[in-house]
Amino acid sequence: MTLPIETHLLQACVSEPVKPVLDNVVTFGAGHFYISQSDKGEMVMGGDLDGYNSYAQRGNLPTLQHVLTEGIAMMPFLSKLKMLRTWGGIMDMSMDGSPIIDKTHIEGLYLNCGWCYGGFKATPASGWTFAHTIAQDRVHDLNAGYSLNRFNTGHLLDEKGLGTKTWIS
Amino acid sequence: MTQSFRIENGGLINRDKKISFKFNGKNFFGYEGDTLASALIANGVHLIGRSFKYHRPRGFFGAGVDEPYAIVQLYRNGETEPNIKATEQELFQGLEAKSINCWPSVNFDVGAINNLLKMFLPAGFYYKTFMWPKSFWYKIYEPFIRKAAGLGTASIKHDKERYEHKYEYCDLLITGSGPSGLASAYSAAKNGAKVILAEDKSRFGGTLLTSEVNIGNQSGKDWADSIISELKEMPNVTVKNRSQVFGYYDHNMLVMSERISDHLPKTKKFHPKQRLWYIRAKEVLISSGSIERPIVFGNNDTPGVMLSSAAKEYMKVYGVLVGRKPLVFTNNDSGYETAIEFKKNGIDPIILDTRKEPQSEIIEEAKSMNIDIKNSYVVVAAKGYKKVKSADIAKISDDKEELGLIENIDCDCICVSGFWTPTIHLASQSGNKTKFNEDIDAFVPGISKQNEKTLGAANGIYTLEETLIDSFEKGNLLSKKITNNDNKISFPNVVEKKSTVHDKFWCVPLPKGKNYKRFLDFQNDVAVSDIEIALKEGYRSIEHVKRYTTLGMATDQGKTSNLNGLQLVSKIENKVVPSVGHTTFRPPYSPISIGAIVGREVGKHSKPTRKSPMHSWHEKNNAVFVDAGVWLRPRYYKRGNENLFEASKREAKNVRKNVGVCDVTTLGKIDIKGPDAAELLNRVYTNAWLKLPVGKARYGVMLREDGIVMDDGTTTRISENHYHMTTTTAQAANVLSHLEYYLQIVWPELNVNVVSTTEQWAGAAIAGPKSRDVLKKLFPLVDVSNEGLPFMGYVESELFGAKARIFRISFSGELAYEVNVESDNGNFMWEKILEVGEEFEIQPYGTEALSTLRIEMGHVAGSELDGRTIPYDNSLEGLVSKKKDFIGKRSLSRKAFIAEDRQKIVGVVPLDKKTSIPEGSHLVEDSRAPMPNPKIGYISASCWSVEYDNPFSLAILKDGKNMIGKKLYVMSPLKNKVIPVEVVSSHYVDPKGERVRS
Amino acid sequence: MLHIKCPHCGMRSQNEFSYGGDATVKRPELGKEISDQDWNNFVYNRKSLRGKHWELWQHLSGCRQWIKIQRDTATHEIFKTLKANEEIS
Ligand SMILES: Cc1cc2nc3c(=O)[nH]c(=O)nc-3n(C[C@H](O)[C@H](O)[C@H](O)COP(=O)(O)OP(=O)(O)OC[C@H]3O[C@@H](n4cnc5c(N)ncnc54)[C@H](O)[C@@H]3O)c2cc1C
Ligand SMILES: [Zn+2]
């Protein structure tokens with residue numbers, strides 16, 4: 001079974017902890033940047049992929065530079081904070097930017113993958129519908145759109161995702 | 001206040017230059033060359049802050065980058081910075097600093113109640129203590145945790161400082177200027193290699209500044225000075241102090257942050273605060289030394305407990321005593337050096353050595369100086385709250401399990417040495433799999449992964465002679481490979497004291513009946529008991545233990561705590577340290593200013609700004625600009641008190657009634673030449689291109705391979721083998737890459753060249769029923785009649801002497817032309833158009849009017865071609881050839897793409913003809929249906945129709961072709977709007993397209 | 001930041017390049033019958049190898065040539081680079 005998924009690299013970073021200044025998650029769509037402050041006071045920030053297939057779990061600084069540039073564009077005071085820690089993770093990028101939650105043609109094998117950079121936020125909903133899919137052995141209405149077959153039929157999801165863009169060139 | 005802890009003489013400070021500074025509102029003096037920490041200690045200030053979790057009093061633990069405690073809020077030149085390590089901050093005139101985590105004051109701290117409540121704050125308290133009952137989380141727990149959170153306070157002002165970036169290439173990058181760094185730099189430099197030697201601290205020399213050694217018949221410090229001054233004179237060498245190499249990235253790219261102004265009262269004019277160096281090195285020598293590690297014992301966080309090497313550094317570099325009644329607690333010979341230094345300054349230290357009968361040169365020396373040495377002794381617990389007052393000490397059994405009788409002895413500081421941990425961060429970051437070295441009880445680099453070699457203490461080599469031999473040799477060998485020179489350096493004579501083995505002892509057992517807190521991580525308040533809990537609760541992986549307890553995750557990133565944490569886990573788990581493994585080292589080595597990482601690309605410079613050649617004209621004529629990608633385009637030209645709505649309506653109306661002119665320079669332009677150019681276009685666009693005559697333009701749509709529309713635009717056949725393609729502003733760069741990809745990779749047999757000419761041509765669209773009149777005046781020699789220059793026609797001519805291209809194409813839906821001249825003539829063209837157009841009431845129009853005109857005509861643009869639609873959706877199926885193949889065609893036959901009820905573009909008008917429709921709103925059949933109310937379409941673009949004087953929108957609607965005349969609802973939960981609408985044709989104005997052909 | 005050897009320009013930093021994905025994918029010939037499955041494989045399915053990976057990059061801010069690079073996706077090590085018209089071996 002082949003999946004329309006490529007493995008990419010995404011970095012995130014935290015600043016040194018500071019006293020509370022931000023009590024919400026803020027995302028900057030056009031700039032590909034998100035930020036929130038942890039209970040410990042660290043600003044948690046991230047954004048774009050490093051941009052090439054990778055399993056290395058180690059990113060490079062220019063990507064973070066780019067991400068933080070967008071951050072400073074939105075919140076100029078971030079410039080004065082210090083970056084404490086960075087890390088890079090493996091990213092299952094689906095080709096349309098949306099996840100796949102589905103049964104497969106193999107009995108007892110179910111798919112929940114291709115979450116790209118947005119798998120945490122969707123955990124409760126995806127977990128719930130996935131559990132339903134497994135328990136009933138049929139997809140739930142809410143995840144019917146997230147079928148693997150959508151790539152064959154063209155029922156792509158109504159989201160402005162561009163996936164890995166590899167074939168756009 | 002007097003500097004009561006300052007030694008009479010000595011140190012590397014400049015005693016001729018007194019510097020005044022403020023700490024917690026009080027005035028103090030120090031000397032040039034002090035750090036904030038050394039100046040405070042000189043003034044007898046030992047209490048500097050409170051710990052993060054329990055608010056326990058905190059003093060100084062180290063003398064540099066490894067400092068976990070002494071973190072302050074710094075005030076400099078009208079700004080403030082949080083979390084500055086006092087041990088790293090150099091003193092400058094007028095420096096002000098304050099304690100953090102203490103309210104109302106460092107001496108009386110309300111948060112210290114946490115210390116009494118510590119049973120509520122065990123390991124993992126973030127994850128569990130406050131989870132139950134759930135309803136308490138938002139109201140009680142979270143506010144409580146958040147109040148305790150953070151160290152310093154972030155300034156929310158804009159950063160006025162400047163940060164620069166520099167890109168460098170070198171043969172050898174050497175990180176650290178201790179003996180190994182100096183020796184390797186020297187021999188490499190002598191071979192003519194291009195060398196960069198970086199030193200984090202302000203002073204070069206590393207341990208040579210504090211150790212009693214001789215190299216080449218001079219003191220270690222003098223030898224270091226002479227090497228540095230020689231290196232500084234060499235043209236092939238760059239020597240940088242205050243410069244930390246903080247990251248080792250792919251392909252030998254290292255990044256260094258140079259602190260240019262942080263040690264000055266304010267940044268000099270035209271100077272940056274910091275400079276980030278991206279360095280691509282052929283070879284990297286890691287000479288970053290080692291950091292002393294503490295021994296863990298009860299209340300080991302009490303102010304006055306510090307690293308023995310730090311105590312020595314304060315004496316030797318800063319001429320400062322950290323106490324007058326020192327206890328030196330050691331498991332190796334390093335403690336003796338500190339004790340001897342105390343003794344030399346007239347202070348009587350007591351040494352507690354965990355070893356039974358150690359023998360070495362330096363121990364002999366200490367004995368001969370009559371220093372009190374207690375063997376097989378340990379500190380059980382420090383006593384005193386805000387400062388060490390005494391210590392409970394005891395003999396320890398040979399197996400290190402049993403404590404003897406507890407004795408209490410007076411002391412005012414406890415200098416601890418638990419041996420040395422190599423600073424392997426950069427090596428590990430390079431991808432090097434580090435290995436555990438039993439002899440030194442620490443990890444050292446393994447086999448090189450990139451071009452890195454590790455030298456000296458960072459490599460676990462702790463004798464000077466061996467370090468120097470190895471470093472001279474490595475510097476020579478690696479540079480020889482690059483420069484082919486082989487200048488042998490005569491090896492200097494080295495005098496150092498031989499030391500003996502250390503004791504593998506790192507944690508003092510608790511005496512019976514006591515449960516002292518024994519801290520591992522001093523900033524995050526992680527104690528032995530926390531790790532024990534984590535393990536009891538089933539955490540096994542060291543990465544999980546770390547996150548659960550937050551061990552090593554503070555701003556010092558565990559420089560003094562990680563190894564002891566590992567020792568503890570391995571002991572409880574009954575494993576050897578290497579099988580527990582250690583957590584990954586990731587950049588940065590120590591926290592790096594985000595401003596420095598970002599550099600100059602801030603504010604207006606965060607993106608390049610592109611302007612058309614007519615930009616200054618627009619500016620002078622009250623244009624209000626809008627960002628179109630990186631371009632600035634006039635959105636409208638403001639007259640009097642007009643707002644956007646009024647101005648754009650005026651401009652659009654004038655196009656429909658008279659004539660308008662719009663700057664269209666930003667459109668992407670690609671020059672296509674070659675015998676196979678037509679064939680390329682035929683494969684790239686969905687419609688047929690082989691028969692387009694010279695002098696004609698054609699509209700085309702190109703797809704991605706997945707059948708989604710990628711871009712649209714007109715392409716004109718300039719001559720037999722020469723075409724001029726236009727793209728949308730946004731996709732210009734992508735389309736060029738797209739064409740290059742197919743030409744180079746997929747169809748290399750096509751003989752075609754493509755090149756971007758976006759910058760070469762300035763463009764003006766002249767649109768409106770009177771546009772032909774304007775054109776006649778501009779080009780009196782050209783036949784611009786409907787026959788002479790029909791719709792989609794093209795001619796070349798001269799505009800008052802300037803070479804011009806004239807295209808009869810229209811985006812506004814009116815009779816229209818586009819004139820291109822070479823960019824340098826853009827402004828000339830623009831002014832001429834307005835000049836000759838005056839009698840026809842010409843007005844410039846901006847992007848807002850342009851949008852209005854195209855929307856009510858039903859012409860698609862970026863908001864419809866948004867990466868989700870196919871030609872059919874945009875009513876462009878007529879342009880899809882059935883006969884030929886083209887990029888993406890095969891995807892169009894997929895089931896969803898040919899479905900009967902496939903989405904299609906429609907027009908939408910509010911029933912009341914008044915309410916404007918927010919873009920992005922959803923279309924539903926029943927506004928009162930329960931959630932989730934099925935969405936059948938969305939609004940892609942909205943305008944105020946100037947033709948009909950009511951709102952009009954374009955929408956992509958399911959089964960759009962059968963929906964004309966239907967009544968639906970537009971819903972925008974975001975704007976809290978529900979608007980009843982009617983579906984109409986997307987071609988709201990002039991549906992037959994007669995105007996463009998008139 | 002990767003250091004990439006452009007076969008036309010020499011060693012250059014990654015920020016001059018843009019990535020183009022798996023280089024072993026062959027576009028089906030124009031006008032030729034192809035099964036749905038084969039077409040979908042071409043459009044969407046990639047091997048996403050861990051290890052040596054032939055991939056396309058374009059020297060965007062340089063010679064604008066598309067080039068082929070063999071790179072280890074686990075370590076980022078680059079072994080070979082080829083011009084667009086050179087066959088992957
Ligand atoms: C740096 C970074 C920042 C992110 N930020 C956000 C964010 O802010 N918001 C957000 O919503 N999402 C974010 N994400 C994305 C989110 O982490 C993922 O989408 C999510 O974790 C995916 O969940 P998953 O269960 O599919 O896979 P994972 O969380 O990756 O879990 C897969 C698990 O399977 C295990 N496994 C793998 N192979 C095998 C095998 N053969 N047998 C047994 N076990 C196996 C793995 O060890 C792992 O535990 C971020 C990701 C990264 C890397
Ligand atoms: Zn090139």
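# Chatting through chains A, B and C

Colleague: Where in chain B does B:Pro588 lie?

Modeller: B:Pro588 lies in a loop of chain B, on the stretch between helix H14 (577–580) and strand S32 (592–593). Please keep in mind, here and throughout, that this is a predicted model.

Colleague: Okay, and is the bond from B:Pro587 to B:Pro588 cis or trans?

Modeller: The peptide bond that leads from B:Pro587 to B:Pro588 is cis in the model, and its omega is near -5°. Another cis peptide bond joins B:Met931 and B:Pro932, where omega is about -5°.

Colleague: Where does B:Pro932 lie, then?

Modeller: B:Pro932 is also placed in a loop, and the elements on either side of that loop are strand S47 (922–924) and strand S48 (937–945) of chain B.

Colleague: While we're on backbone geometry, what is the phi of B:Arg242?

Modeller: The phi of B:Arg242 is positive, at about 50°, although the residue is not a glycine. B:Arg242 lies in the loop of chain B that runs between strand S12 (237–240) and strand S13 (243–248).

Colleague: I clicked on B:Leu632 as well; which element is that in?

Modeller: B:Leu632 belongs to strand S34 of chain B, which covers residues 631–637. If neighbours within four places in sequence are left aside, the residues in contact with B:Leu632 include B:Thr609, B:Arg610, B:His615 and B:Phe625. For B:His615, which is 17 residues away along the chain, the separation between its C-alpha atom and that of B:Leu632 is 8.4 Å.

Colleague: Switching to chain A: how many helices and strands has it got?

Modeller: Chain A has three helices and seven strands, and read from the N terminus on, they come in the order β-β-β-β-α-β-β-β-α-α. Its C-alpha atoms fill a box of roughly 55 × 35 × 30 Å along the principal axes.

Colleague: Which domains does the assignment give for chain A?

Modeller: The assignment gives domain 1 (5–92) and domain 2 (100–153), and the C-alpha centres of these domains of chain A lie 28 Å apart.

Colleague: How many residues of each are in contact with the other?

Modeller: Five residues of domain 1 of chain A are in contact with six residues of domain 2 of chain A. The area buried between those domains is about 440 Å², and carbon and sulfur atoms give 68% of that area. On the domain 1 side, A:Ile5, A:Met91 and A:Asp92 supply 75% of the area buried against domain 2, which is more than any other three residues do.

Colleague: Now the ligand: which residues come nearest to ligand 1?

Modeller: There are 14 residues around ligand 1, and those that come nearest are A:Tyr117, A:Gly118, A:Gly119, A:Phe120 and A:Lys121. Sorted by type, the residues of this shell are nine nonpolar, four polar and one charged, and at least three residues come from each of domain 1 and domain 2 of chain A.

Colleague: And which atoms of ligand 1 are 3.3 Å or 2.7 Å from atoms of the protein?

Modeller: A nitrogen atom of ligand 1 is 3.3 Å from an N or O atom in the side chain of A:Tyr34. With the backbone, an oxygen atom of ligand 1 lies 3.3 Å from an N or O atom of A:Cys116, and an oxygen atom of ligand 1 is 2.7 Å from a polar backbone atom of A:Lys121. As for cover, ligand 1 has 1,000 Å² of accessible area on its own, of which the protein covers 43%.

Colleague: Back to the chains, how many residues does the contact between A and B take from each?

Modeller: The contact takes 53 residues from chain A and 68 residues from chain B. The area buried between these chains is about 5,400 Å², with 55% of it from carbon and sulfur atoms. In chain A, the residues A:Asp39, A:Lys40 and A:Lys80 supply 15% of the area buried against chain B, more than any other three residues.

Colleague: And what about chain C, how much area does it bury with chain B?

Modeller: Chain C and chain B bury about 2,300 Å² between them, 52% of it on carbon and sulfur atoms, and the contact involves 28 residues of chain C and 28 residues of chain B. Within chain C, the residues that lose the most area to chain B are C:Met1, C:Arg27 and C:Leu30, which together account for 28% of what that side buries. Chain C itself has one helix and six strands, in the order β-β-β-α-β-β-β from the N terminus on.

Methods
Residues are numbered from 1 along each chain as its sequence is written. Chains are lettered from A and ligands numbered from 1 in the order in which they are written. This is a predicted model: local features need pLDDT of at least 70, side-chain atom pairs count only at pLDDT 80 or more; totals for chains, interfaces and linings use all residues. Side-chain values use heavy atoms; hydrogens and water are left out. A residue is near a molecule or strand if one of its heavy atoms lies within 4 Å of it. A polar contact is a pair of N or O atoms within 3.5 Å; within protein, one must be able to donate a hydrogen and the other to accept it, and residues adjacent in sequence count only if both atoms are side-chain atoms. Accessible areas come from the Shrake-Rupley method with a 1.4 Å probe; for residues, only the protein chains shown count as cover. Ala, Val, Leu, Ile, Met, Phe, Trp, Tyr, Cys and Pro count as nonpolar, Asp, Glu, Lys and Arg as charged, and the others, Gly among them, as polar. Domain bounds come from an automatic or database domain assignment. Contact means heavy atoms within 4.5 Å. Buried area is the accessible area (1.4 Å probe) that two parts lose on being put together, summed over both. Helices (H or I, at least four residues) and strands (E, at least two) are DSSP runs, numbered from the N terminus.
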